[in-house]
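This briefing walks through a few local features of one protein model, grouped by topic. Please keep the sequence and the structure in view while reading.

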Amino acid sequence: MIDEAQFFSRTETDIGVVLNAVQKEAVLKTEGPLLLLASPGSGKTTTMIMRIGYLIKVKQVPSHKIKAVTFSKASARDMTARFQHFFPDLTVVDFSTIHSLAFEIVRNYLSQHQIAYQLIEGYVEPRFLHKKQILRRLYQTYNDEVITDDQLEELISTISFIKNKLYQEADWEQVDCTVRHYVEIIRDYEKFKERGTSTLLLDYDDMLTKAYDILGNDAAVLSNYQQRYEYVLTDESQDTSLVQHKIIELLVKKHRNLCVVADDDQSIYTWRAAEPQYLLDFKKVYPEADIMMMEQNYRSKREIVSVSNQFIKRNKNRYDKNMFTENKAEGEIHIRLLPDHTSQTNYVIQAIKGAEAYQDVAILYRNNHSAIILYDALEREGIPFYTKDTDSHFFSHWVVQDILNFMRLIHSPHRADILERIHTKFNGYVSKQQLSNLSGCPKDSTVFQELQRISDLKPYQVRNFKKCDRLFKEMRSMRPEQIIKTIRYDLDYQKRLSEMSKQLGFNFDYLLTVLQTLEDIAEREATMEDFARRIHRLQDVLKQANQAKNAVTFSTFHSAKGLEFEKVYMIDLIEGVIPASTDESQSQLEEAVRLFYVGMTRAKSHLELLTYKAKHRKDVKTSRFLQDIYQIMNPDETLEDSSKKSAYKKVKNRETLNPNAITDANELKAGIDIKHRVFGRGTITAISNHDIKIQFTKQEKLLSMTTCLEMGLLEHV
């Protein structure tokens, strides 16, 4: 046994850990409830590990009497490794997720009562039912159509939300879900799990709700776990749901030795049923609790910490913390107001090229689809990257498959089987009965020629089939980008997407984003075959984009929490993205602020905040959060004021730009010959306020004039 002084002196000598005053106080406060509010980079994991070590070495608490609940399996593994590093002579404490603990409670209870059960989520052997199979069948029953991947994910998220909130069936309708008949589907799903087979079926969320029920209704089981764990610690508790909090409450009800480590300013999962208000009401549940604030940031340079701290004060429903740092260097925050979305991609690529070590760089964004075009650009440049949370559904999305099927029919116009997949997606007005007459379409004909041979057609049908036949023939000689535009507008595909969105509750803006991203990828491809190969190539790259030793990290703001990088680029900082158009209430706006704050505080020394004025030739607005950041840094002016002074800082120095580049718009006139850095020699055919149309040898391109001038892409021939 050692005393308090020996404990701290030995850890300082053996592993070099020196705690500040607040961290030390948190380690020493072992009895009763404690809420430890830990700002980003404040050393919360070190403090937790030291607290556990203190309990064992000084307070003589057996390791098996301590339970540490983590947010994820990765966190559990990390904390286990850290504990073993700090205290190699001690038995490892039980670090696990709340789901793991809950499953242990449920499994033991069902085994004791001889109740057979089967997990239906995660990996399930083919001979057993899977949660998704059950939901697909129920959706088909109620809606008489196949559920899409997006709808299935929304349905699964809704079920999880309901259970984590402990909602009763009468409350289900208040949940925001666009899936038709979701209440009936969920009701039947729950009944089927209980009585649909001879075995009780359980999904991941059932582990939590059933564990809560067992602890609440079986005094013997509850007493067993209360005696088993005399000290409980929970990490990342700002992201804990109501049912998870309730389970912990029951476990510590007898001894009340609970240490909750959290940061209300980093609560970003309310859409997953997280309960940040629980932290603000902590004293209501535990009136005798101590609340401590770890405000010293060891991660980031001074300017990043100072600006982030001022920005988060925009929120009012929070504990009044003041994050600070004693790091000497100032650090760098740069705000880039770029001409358009393409300029953002070009800027990021050029900036990353100059990085000394790719693993020090992270690109952060709110939505996964923001990264797709950057994946494409980095892969073309041969820059290795790792994606924290791959948007694995993007390239398998039905809109992507629709476009590829259109191209397949363009290439093989006799393929009636392909027409069958897309005949409801454009203005062909082909009926199922008419499709049945096309099974034997000869290879030297087209499906639209064969349709014209059907008897009893109306005159408008004949005209329509002729038009489609003509358009599909014309598209054979087009470049992929123009083909997609023709599909969108001349074949009314985009109009059909709008109609489907209204009928089926799809997110039309997201569907448009998918289309526009495909156009961006197609812009650099010469043929349909090249485009299809590029799509499949990117799909393969993303599957293999595992963490490498020297690779740029891509991550959403959500998944970046807990990570840190020397350089961070936050992209797509525009209204409608962050905050999102759906962030309407005060609580939603405050969560969006917290999300932005999480992104900022990932940066150690260099933070770049990127926005732009236009996307796909439509004006967009800079995020109001970025406006706030700018005014924190420049109290006497707005971001718009700065743009008049050329806020855009070129990636390359003047001396490294092409000295012959055209930088004055007055030098550009219709009819003159120019040379483009990527597309080669061409002739300007038209000029507007924002765009310039150039006829190159094999193609005509519509380009952003601002981008061409800013990036030095054009020169006189």
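Strand β16 (residues 673-676) pairs with β20 in the antiparallel sense over 3 bridges, where strands are DSSP runs (E, at least two residues) numbered from the N terminus and two strands pair if DSSP finds at least two bridges between them. The model is predicted, so local features need pLDDT of at least 70 and side-chain atom pairs count only at pLDDT 80 or more, whereas totals for chains, interfaces and linings use all residues. Residues are numbered from 1 along each chain as its sequence is written, and side-chain values use heavy atoms, with hydrogens and water left out.

**The sheet**
- Within this pairing, H676 stands opposite L714 in β20.
- An open sheet of 5 strands runs in the order β19-β18-β17-β16-β20, with antiparallel pairing.
- Its edge strands, β19 (700-704) and β20 (714-716), each pair on one side only.

**Around C259**
- C259, which is found in strand β7 (residues 258-262), counts as buried because its relative accessibility is 1%, and buried means under 20% relative accessible area (1.4 Å probe, protein chains only).
- Leaving aside neighbours within four places in sequence, C259 is in contact (heavy atoms within 4.5 Å) with L34, R51, V232, L233 and T234.
- The C-alpha atoms of C259 and L36 are separated by 7.2 Å, although these residues lie 223 residues apart along the chain.

**Contacts of V552**
- Not counting residues up to four places away in sequence, V552 touches several residues, including I352, Y358, L378 and F385.

Notes
Helix = DSSP H or I, 4+ residues; strand = E, 2+ residues; numbered from the N terminus. Buried < 20%, exposed > 50% of the residue type's maximum accessible area, 1.4 Å probe, protein only.
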